[in-house]
Amino acid sequence: MSTQLLDPPVTTPTSAMPSTSPRKVLIGLIGAGIQKSLSPALHEEEARHHGMRLHYQLIDLDRSASSVEHLPTLLSAARIMGYAGCNVTYPCKQAVIPHLDSLSEEARVMGAVNTVVIRDGQLVGHNTDGSGWAWGFTRALPGADLRRVVLLGAGGAGAAIAHAVLRLGAEHLSIVDAQPERAAQLAADVNALYGVRAEAADIQAAMAQATGLIHATPTGMDKLPGLPLDVALLRPAMWVSEVVYFPLDTALVQAARALGCRVSDGGGMAVGQAVGAFELFTGEAPDAARMDAHFRRLVSTH
C-alpha cells in the first residue's frame, strides 16, 4: 500500500497577514450656514487617537436651499446610509424633535436636541449643549456670581443653558427673547423643575441688576454679525458667557473684554458639547483636554 505524499499546508508569516481594518464611523451636522464649523476636524482627529476612521459630513441647509421642512428626508437618508448619527444646530434643535423615535431624559426635559444617535434603525435625540456649556463655563469663570443671571435667547441652545445654569446654582434667571411668549414658556418649564427662580424679562430691566449675562442667540456669527444688545447695558463687574464660537472673538466678547468684564468665549461650549456627542456616537470616552487644545489650535489658524 503506497502512501501519497501531500504538499505541506501553505502558511502566511504573521508579519504578512492582513491587519484588522480600523473601525469606520460616519456622522454629520445638520444646520444652516455651517461651512466654517470646526466640528468635523474635532471629531475626526479625536477618532484617529482611538484608532477609528471617522468621517464628519456637513449637511448645510443654506448650501442646498433647504429648510427645517426637509429634516425628515435628511434623517431618513442618514439612517439608510449607515450614519452613526448627526449633530443638529441652528435652526433645527427644536424642529427635529417630532421626527425622532425617542428622546433621552435630558433632551426631553430641555425640549431641544443637538445630537441624534442612530441605533438599530432608531433615531434617538440627546442634548449635550447644557453639559457642554457648563463644562466650558466653570473652567473659564470659576466662582462666577450666579445671584442674578440674564439669559439672552430662549431657543434650542438657550433652553439647554437655562437648565444647566439653574443646576449650577443660579438664584434668579431673567430670560429675554425676541419672542416674549417663548421666554415665558421656558421660564415656566424650568420653574416647574427647579422652583420659581426664572422669569421672562425685559432686557434693560434685567441687565440693571444682573451679575452675569449668557448670550445664546446666533447674533455675532459670521453670517449674522453684530451685537445682540446695547453695550451700554454691560458693566465691568459683570461676567459674560458667549455661545457663538466662529468667530471666537465676537463683537460681544470684544466689547465685554474692553469694558473689563470676565468673559467665557463660545469655544468652551463648542468643545464641551462635542465631548459628549463623540461618546454618544462612538461609545468611546474622548480626551476632553486634548479636544480643547486641538480646538484652540484650529481657531488660531482660521
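This is a predicted model: local features need pLDDT of at least 70, side-chain atom pairs count only at pLDDT 80 or more; totals for chains, interfaces and linings use all residues.
**Exercise 1.** Work out the strand order of the open sheet, and find which strands are at its edges.

*Solution.* Start by reading across the sheet: its six strands follow the order E2-E1-E3-E5-E6-E4, and the pairing is mixed. Next, look for strands that pair on one side only; these are E2 (52-60) and E4 (102-103), the edge strands. Now step inside to E1 (residues 23-31) and E3 (residues 85-88), which pair in the parallel sense over four bridges. To place yourself in that pair, find Gly 28, which stands opposite Cys 86 in E3.

**Exercise 2.** Identify which strands helices H2 and H9 lie across.

*Solution.* Take H2 (residues 71-80) to begin with: this helix lies across E1, E2, E3, E5 (115-119) and E6 (122-126). Its direction is about 175° to E1. Then turn to H9 (residues 267-282), which lies across E1, E2, E3, E5 and E6 and runs at about 10° to E5.

**Exercise 3.** Describe how H1 and H10 pack, and say what kinds of residues make up their contact.

*Solution.* Two packed helices are described by an angle and a distance, both taken between their axes. For H1 (residues 39-49) and H10 (residues 288-301), the axes come within 10 Å and cross at roughly 135°. The two helices are therefore oblique to each other, and H1 passes H10 in a right-handed crossing. Finally, list the partners: Ala 41, Leu 42, Glu 45, Glu 46 and His 49 of H1 meet Arg 290, Met 291, His 294, Phe 295 and Leu 298 of H10. Sorted by kind, the residues of this contact are five nonpolar, two polar and three charged.

Technical notes:
Residues are numbered from 1 along each chain as its sequence is written. Side-chain values use heavy atoms; hydrogens and water are left out. Two strands pair if DSSP finds at least two bridges between them. Contact means heavy atoms within 4.5 Å. Axes are lines fitted to C-alpha atoms, for helices over the stretch in contact, and angles run from 0 to 180 degrees between N-to-C directions. Angles under 35 degrees count as roughly parallel, over 145 as roughly antiparallel, 65 to 115 as roughly perpendicular and the rest as oblique. A crossing is left-handed if the near helix is turned anticlockwise from the far one by less than a right angle, and right-handed if clockwise. Ala, Val, Leu, Ile, Met, Phe, Trp, Tyr, Cys and Pro count as nonpolar, Asp, Glu, Lys and Arg as charged, and the others, Gly among them, as polar.
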